[in-house]
Amino acid sequence: MALMRLDKFLADQGVASRKELRNIIRQGRVSVDGKAVTKPETKIDSDVNRVSLDGDIISYSKYRYFMIDKPCGVVTATEDKKQKTVLDLLSPEMRRMDLFPVGRLDKDTSGLLLLTNDGDFAHRVISPKFSVQKRYYAEVEGEPTEADEKAFKNGIELRDGLKCRPAELVRLGGNRCEVVLTEGKYHQVRRMLASCGKPVTVLRRLSIGALKLDENLGEGGYRELDENDLCKVFSPE
């Protein structure tokens, strides 16, 4: 790997801001291969050198991946002057990682949302070309029917003429159902169900590929994904 500045190495891991790190390093709190380093501009190789802060090893990862249980009432954006965003739910350290949402959930939809700083990964999850499944739980006005299931299977044409890919509607009894899509057009689940005369009252994303939302997180909770989690994103359910 190409050499990088020590302060950049630490900043990329969300340890602190570059300005804060310059002071931390000058205080002698950072060691490289067991030796204290006091110059922020010191060049290191993350594949070779071992960096520690106050005795704790700092591992380097160029890209980071997280799942978050997005609450209703929060917008899927990196910033908004008037409304709370998903990034506002994160710790100060995570907000320094240049994370962004993978796709979007509308303000009134809760559930699984991925955050990353890896643009290629985000494109693969979002693009219909890769056919990554997204499963949603919905509660609607009325009761989904067998005819609705067939309409979803055949691919619904919305009122504005937009033709949706074939999708899966699973009836759960009463006003409850699940919807599985391989694309993510604007308000698509809501618009598809509304086109069947079943306006949505509750909508929650449950999974992306074979990666299921960790329900133990609680609203606004998040955790980092490991390699096994990432493989599940691109695996069928």
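## A predicted protein model: cores, sheets and ring pairs

Of the 237 residues in the protein, 45% are buried, where buried means under 20% relative accessible area, exposed means over 50% and partly exposed lies in between, with a 1.4 Å probe and protein chains only. This is a predicted model, in which local features need pLDDT of at least 70 and side-chain atom pairs count only at pLDDT 80 or more, while totals for chains, interfaces and linings use all residues. Residues are numbered from 1 along each chain as its sequence is written, and side-chain values use heavy atoms, with hydrogens and water left out.

### Overall picture

The secondary structure comes to seven helices and 15 strands; helices (H or I, at least four residues) and strands (E, at least two) are DSSP runs numbered from the N terminus. The C-alpha trace spans about 70 × 35 × 30 Å along its principal axes. The protein exposes about 12400 Å², of which carbon and sulfur atoms supply 46%, with areas taken from the Shrake-Rupley method with a 1.4 Å probe. Among the contacts in the protein with a separation of 6 or more, 63% come from residues 24 or more positions apart, a contact being heavy atoms within 4.5 Å.

### The nonpolar cores

A nonpolar core is a set of buried Ala, Val, Leu, Ile, Met, Phe, Trp, Tyr and Cys residues joined through side-chain atoms within 4.5 Å. The largest one holds 31 residues, and Leu-115, Phe-152, Met-192 and Leu-193 touch the most other members. At least two residues of this core come from each of strand 7 (65-70), strand 9 (110-116), strand 10 (134-140), strand 12 (176-181), helix 6 (188-195) and strand 13 (200-208). A second, separate core has 16 residues, including Met-4, Leu-10, Ile-44 and Leu-53. Leaving aside neighbours within four places in sequence, Phe-152 is in contact with several residues, among them Pro-166, Leu-169, Val-179, Met-192, Leu-193 and Cys-196.

Arg-135 has its place in strand 10. Is Arg-135 buried or exposed? With a relative accessible area of 16%, Arg-135 is buried. Its side chain makes a polar contact with the side chain of Glu-178 at 2.6 Å; a polar contact is a pair of N or O atoms within 3.5 Å, where, within protein, one must be able to donate a hydrogen and the other to accept it, and residues adjacent in sequence count only if both atoms are side-chain atoms. Not counting residues up to four places away in sequence, Arg-135 also touches Glu-168, Arg-204, Arg-205 and Glu-237, among others.

### Strand pairing

Strands of a sheet pair through backbone hydrogen bonds, either parallel or antiparallel. Here two strands pair if DSSP finds at least two bridges between them. Four strands form an open sheet in the order 3-2-5-6 with antiparallel pairing, and its edge strands, strand 3 (35-36) and strand 6 (56-57), each pair on one side only. Within this sheet, Ser-31 has Ser-52 in strand 5 as its bridge partner.

| Strand | Partner strand | Bridges |
|---|---|---|
| Strand 2 (residues 30-32) | Strand 5 (residues 51-53) | Three |
| Strand 7 | Strand 9 | Six |
| Strand 7 | Strand 15 (residues 222-224) | Three |

Strand 7 is mostly covered, with six of its six residues buried. Tyr-65, Met-67 and Asp-69 point one way from the strand, whereas Phe-66, Ile-68 and Lys-70 point the other way.

### Aromatic pairs

Rings of Phe, Tyr and Trp (its six-membered ring) pair if their centres lie within 6.5 Å, and planes under 30 degrees apart count as stacked, over 60 as edge-to-face and the rest as tilted. By this rule there are three aromatic pairs. Tyr-65 and Phe-121 form an edge-to-face pair, 4.9 Å centre to centre with 70° between the planes, and this pair links strand 7 with helix 4 (residues 119-126) across 56 residues. Both partners are buried, Tyr-65 at a relative accessible area of 13% and Phe-121 at 7%. The rings of Phe-121 and Phe-234 have centres 5.7 Å apart and planes at 85°, so this pair is edge-to-face as well. Because Phe-121 lies in helix 4 and Phe-234 in the segment after helix 7 (227-233), the pair ties together parts that are 113 residues apart in sequence. Phe-234 counts as partly exposed, at 28% relative accessibility.
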